[in-house]
Every structure is written in structure tokens, then in C-alpha cells.
Amino acid sequence: MLIARLFLSALPLFFSSGSAYAEQAADAATVKPETSSKHEVSVVKLKEVVVLGKERGTSLVGETQSASQGFIGQEQIKNRALSRAGEIVEFIPGMIATQHSGDGKANQYFLRGFNLDHGTDFATFVDGVPINLPSHAHGQGYMDLNGLIPELVDNVQYGKGPYYADQGNFSAAGHAKMTTFNSLPQGFAKFTGGSFGFYRGVAANSNRMGDGHLLYAVDANTYDGPWVLAEHALKFNGMLKYSLDKGNWGMSVGVKAYHADWRATNQIPLFAVNDGLINRFGNIDPTDNGKTGRYTLHGDWWQKEKDYRRDASFYLVKYDLDLTSNFSGFINSVADNIVLPGGIIPSDQMNQRESRIYFGGKAEQSWFNKVAGFDMINTLGVQVRNDMNRVLLNNSNRGVVYHNVSRDQVTETSIGLYLQNLTYWLPKLRTIAGLRGDIFNFDVHAFTVPQNSGNKTDGLFSPKLSIILGPWYDSEIYLNAGEGYHSNDARGVTATVNTYKIGNNNFAPQLAANGLVRARGAEIGFRTEAIKGLKSTLAIWYLHSASELVFSGDAGTTEMSGASTRYGIEWANFYKPVNWLTLDADFSLTHARYDQAQLNQASDPANQAYGFHIPNAVGRTISAGATLNLPYNFFTTLRVRHFGNVTVDTNNPVAPYSTTIVNLSTGYEMRRKFKIQLDVLNLLNAKNYDIAYYYGYQTSPASTAKDGIVFHPIESRMFRVSLMYQF
């Protein structure tokens, strides 16, 4: 109603004169046409594209193409308590990051009614390098953000929905582009110590080198956690980046390194806790563990003149993972009558490994001109990527591999071409029309099961359209529609037989998955800055995902998933009423259902039933907080994080669950030299689920399998103290 009233009241102004609002919509940058006078005809001239330094308090009226686009800056990040680096995505309104395993593993992500697992349907880039990994050993689109150093993130540029022409694979629900600093105003050294064996040291600095800047940083972190089995998590990060800005052109080149190893406490059955077999921080299999590494070379170059801008980037990444997990105890081994030498009945533990090299790049040019009297920005871009991956799935028992389920050499190549036109039809009307085409080649050489070798190609076109009305009274209205997609695991695309059954040479036939799965979305949005200090957005959205077959890295097979429809509403607010107080409050409600009833995940036939609910779809999120910059350089941040109405299976066998956590940060900064900060995570010591599932679990070969909640708890209240010296 508020949107409609504002639109009607402003309608007489729609055709009024005024300067045009130009933007480079592909990445919401500041590109505005210059005019010598407000009464003269505007002529588009390229100004500096500003992305670095933007944050949530930046004015975005006249710049974005949807209400669900925005920026997060270091100003928001620096004083907020983070239990894990991957929680940086929680600055994006409506997004949740949890964990169901050890801290070295990628987070579990949730947005707009999607259980994104470890990254499917949400694309993330760090300094232009794609983080999502297709055909991954553990999960399609695996997105591990543990390699981030939060203190060096300049900003996070995000967008939700499939409306952006420069976004391709894994971006149907949304995307985030994270940019690190090119230089630092001051070097710093920081040490943090806290509960449960948490210790972290990070140091960074930048120096002038020639005409550019050289930034360098190191980060080391160890953590045991509240678990009965101490994690002994150990992480190392390093970063080196050289950047150059010559006014009308610039470049950067950087290297990053990340390594981690850990012991994991995976999700456990609730009945085992209720029966007193283990406590909520206990485990069924103490031999679960993991180690991983990512080593990156990346670079970019840009050039701008008065009527065009060019950008190009490249990346080369070496990635490894060795992950051992047991999510169901002994239920599969007992059901399949598997016995090892010596009469040992093994657990359901699996070992997933991969060694990958991937490389690619992007080139884009935008022309700023006038056609038929209308100011326009036309953009042409191309993106290429090639992944070469040796991936294994093994059965293991107590950390020892005893059977190879599959060993594959996967090569996946993709090319994306996109066109985008931004036209200023009237002073209060602009449109952004885009068309994207993608083609993928999936090549699999299956060594263990040669029948699953193959080579397939798939492609699609994705149209996009945004209509922006305004601004009036520092407010805009957005109408968005578009199509997007995610790719399926290459092993599922070429598969002809099921490889999961141990020792069974008479493999059952299996239907191959589609290479690319289409999604269609639409959104009506509103952005206003009419009240001084308040930046508020409202979005009503819809997203439909087509029927698909999704490869399960945990089972080594494809599983049917029906078509689904999601819709919801998001309201995001950032308010700075006075210089010393910042308030933010973000709310989202989502309805997510399968289009047709799907069978639940119960192992007992007596409990099997069909339902329309989508497991792990989060129906409600709330994120709110207050930051006070107090006299005498004291500061305090208090935040509440809530996600609720989470269903665990298709037929809703148990009531949906909710989780609420309160975090506190407070500290003192002296003369921009010394800073001390206390973080209290889970201030109220809540005992909710970090994540919960519903399926069958068997705790030992002699016990009885039971269907029920299988969960990973949120961690107990913990204290962390940080000391920083700036130089």
C-alpha cells in the first residue's frame, strides 16, 4: 500500500525534467551522466566507477537495478562478533550460515527458502575468483569461505534473484562479490584468545611500491570447540596483492593461500542424547576428520575513457580436499549385510577426496552513448571456466578406507556470453534488459565403473528485464524478472548405473541428470532514503525451480527432486539517527513447497510418507542489532540472529524448529593505535540446533535403527578477547 500511494502521488512528476541517473547495472557501480546544466540535453560521459569503499550506509538510490541489491562494508564488519569467517554472508539481509561438521568445512547456507547446502544456487566471488566448485566430492557448488581474512574485506556487493546478466552458474537465489582492500591506511597486528582453545593471530600491512601498492597478510587460527572430541582445528591463510591505479586505467595481481585440517563432530541423533548414550556435544564416530587447501593466482585490468569502459580478469586455482564423514552410524552397512575380514561390521563412514585445478577469466566492455536521443549503456561480456578434477568416493571404517565406490576424472568447461542494455527513457524511467547464453561440456572418465564414463553438452539462454521507476523523494520502485540456472554434477550427467551398493557388480540402471537446471524468478521492490539517516528496502519475490535430478556426493548416485515454488517478502533497514548510533533490522518470510508431493527420508517403511514441504527450508529470519560509538573511544555492538519455521522433511513429521542467538561485542580504541575488544558469542547460552535433519540413524551394529531428528547443536557461550596494534 505504501508503494502504491507513493507511486500515485508522484505520478505527475514522472514526466518532469531532471538529470538522468546512469549506472553500470552489472555491478551496481557509480556511473552517472554529466550535464552542463539541468536544462540541457544530457550527454553520457564516463565517470570513475566506484566500488571500493561502499558499505551499507552508502546511498544507492539511482544506482541499483533491484531492491535486493546492496553493499556491506568493513565499517559493518570490523566490530561484529563472528564465530566463523563464512558468517560474513550473514551481513546479507535474509541469509543464514550454519555448520553441521568441523570448522574447516564449508558452512551450510540458507536463503529465500533454499537449503543451499554448501553453496548450490548462491554464487560467490572473492576478488573476481569464483568460489563455488561444480562436481565437487562433497556437494555440488561447494562454497568454502574459510580462506577469507575478514579484516581485509573492503566490501561485499550482493544481489538476490536471477535478474543480473553477468551472473551465471549457481546464482538463481543470489550472488555475492567480495572485494579485498588494495591498500591499508595503517598496518596492524591482532591477537585473539578465547574459550575452548580458540587462538588466532593476524597481521597485515601495505607499502608503496613503484606507482602502486603492495598489500600482504598472514593469518593463523587454532580451535578445539566445546565438543567431547576436541577439533584440533588448525587454519592458515596468506595473501599478497599488488595494485596500480593510473587514473584512466589500473590493474591488480594477487596470490592467496589457505590450508586447514580438523577433527569433526558431525550431526548426531536426538534419540541418542535423550537416551543418555552421548551428550549434545558428543559423537557417534570419533574418527571423522578433514583437511583442505586452496592456492590462488588472480589478476584484473581495467581501462576507462569518456565513452567506454573495459574490464578483464583471470584466475588459476589449485584445490584439494580429503573429507571423512559418518552421517548415519551403521544403518546402511547393517542393511546391506556388509562384513569385513575378522567379522567386523563397518560403519557408514565415507571418505571423499578430490584434487582440482581450475582456471578461467572474464572480459567485459561497456559503451556509454546516445541512440535515437536516449542515453544508453550497452555492455558485452564473456566468461570462461575450465575445471579438471580427480574425485574419489570411498567407504571407510574408523578412518581406514576399505572399498572404492567411484574414482573419476572430471573435466567441466563452460562459456557464458551476455548482453545488457541500460536505457534512460524518461527522467524517471530506466530499463535494464539482458540476455545471457551459457554452454557446458561435461566429460567424465569413470575408472571404477566404466559404464558411467561419457561426454555431454548442455546449454541454455536466460533473459533478464528490470524496470526502475523514480526516484521521487529519494525513493525508487523496481520491477524485475529473469531466468537463471545451476549445473548438476558431471558424474550424474553421464551416469548410466548406480554405483552405491558395495560389492554389487550387477549395477542397477540409472537415469542421467540434466546438465543445467532452469529457474525463473520475479520481484517487486521498493527502496527509500526519504527519512534522514534511514535506508530501507522492501522486496516481494517469487522463484520457481524446474524438476531435476541432483547428484548426491554423499551417496555416489543421483536422487530425484521435484519442481518447487518459493515466494516471500524481505524488509531490510539500516538507520543512523545520530553519528554515535547505528541500528539495523532485517526481516524475511518465505513459503517453500514442492509442486508435487515427494517421499520423505524415513528408513522405516512404516514411517514413509509423501509431503509437499521442502526439507530445511527456512521460513523466517530476523537479524537486528545496535552499534554504539560511545564517548572516550568506547564501542558496543549487540545483535540478535534468528531463523525459524524450519521444516525437516517433506511430510513435516515433527514440528518445525527455530534458533535464536544473541551476540555482544564491546571494546576500546586508543588514538587509532591500540584496540581491545571482547566478544561474547551466544550470550544467553541458547541450546538450539545449528541445523537439524530427519532420517534414519543406527548408533551401533547391535542397536536398532530409528527415524528421527539428527542435529548439530549451536556452540555454548564463549568469550574471545582481541588485542590489536595499528602502525
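**Figure 1. Phe198 and Tyr223, both buried in the predicted model.** Buried stands for under 20% relative accessible area, exposed for over 50% and partly exposed for values in between, computed with a 1.4 Å probe on protein chains only. In total, 16 aromatic pairs are counted, where rings of Phe, Tyr and Trp (its six-membered ring) pair if their centres lie within 6.5 Å, with planes under 30 degrees apart taken as stacked, over 60 as edge-to-face and the rest as tilted. Strands (E, at least two residues), like helices (H or I, at least four), are DSSP runs numbered from the N terminus.

The residues of every view are numbered from 1 along each chain as its sequence is written, and side-chain values use heavy atoms, with hydrogens and water left out. As this is a predicted model, local features need a pLDDT of at least 70 and side-chain atom pairs count only at pLDDT 80 or more, whereas totals for chains, interfaces and linings use all residues. The pLDDT, the predictor's confidence in each residue on a scale from 0 to 100, has a mean of 89 over the protein chain, and 90% of the residues reach 70 or more. Over residues 1-49 the pLDDT is below 50, although this stretch has 117 contacts in the model beyond near neighbours in sequence, a contact being heavy atoms within 4.5 Å.

**Figure 2. Arg720 and the rings of Phe198 and Tyr223.** The charged end of Arg720 sits over the ring of Phe198 at 3.7 Å from its centre, and it also sits over the ring of Tyr223, there at 5.6 Å from the centre. The criterion is that NZ of Lys or CZ of Arg is within 6 Å of the ring centre and within 35 degrees of the ring normal.

**Figure 3. The pairing of strand β38 with β11 and with β35.** Strands are called paired if DSSP finds at least two bridges between them. Strand β11 (residues 188-194) runs antiparallel to β38 and is joined to it by seven bridges, with Phe191 standing opposite Leu723. Strand β35 (residues 674-681) also pairs with β38 in the antiparallel sense, over eight bridges, and there Lys675 has Met724 as its bridge partner.

**Figure 4. Asn237 in strand β14 (residues 233-245).** Asn237 counts as buried because its relative accessibility is 8%. Apart from neighbours within four places in sequence, Asn237 is in contact with Asn146, Gly147, Leu148, Ile149, Ala217, Val218, Asp219, Ala257 and Tyr258. A polar atom of the Asn237 side chain lies 3.4 Å from the backbone oxygen of Asn146. The C-alpha atoms of Asn237 and Asp219 are separated by 4.9 Å, although these residues are 18 places apart along the chain.

**Figure 5. An open sheet of five strands with mixed pairing.** The strand order is β3-β9-β10-β7-β8, and the edge strands, β3 (69-73) and β8 (129-130), each pair on one side only. Within this sheet, strand β9 (residues 153-160) and strand β10 (residues 174-180) are antiparallel and share seven bridges, with Lys160 bridged to Gly174.

**Figure 6. Strand β29 between its partners β26 and β30.** Strand β26 (residues 534-545) is joined to strand β29 (residues 564-578) by 12 bridges in the antiparallel sense, and Leu543 stands opposite Arg566. On to strand β30 (residues 581-599), β29 makes 13 antiparallel bridges, Tyr575 standing opposite Leu583, and a hairpin of two residues joins β29 to β30.

**Figure 7. An open antiparallel sheet of three strands, ordered β16-β37-β36.** The edges are β16 (268-269) and β36 (689-697), each of which pairs on one side only. Two bridges link β16 to strand β37 (residues 706-713), where Pro269 stands opposite Val710. Ring pairs link Phe643, Tyr657, Tyr689 and Phe711 into a cluster.

Technical notes: Polar contact = N/O pair within 3.5 Å; in protein donor to acceptor, adjacent residues only side chain to side chain.
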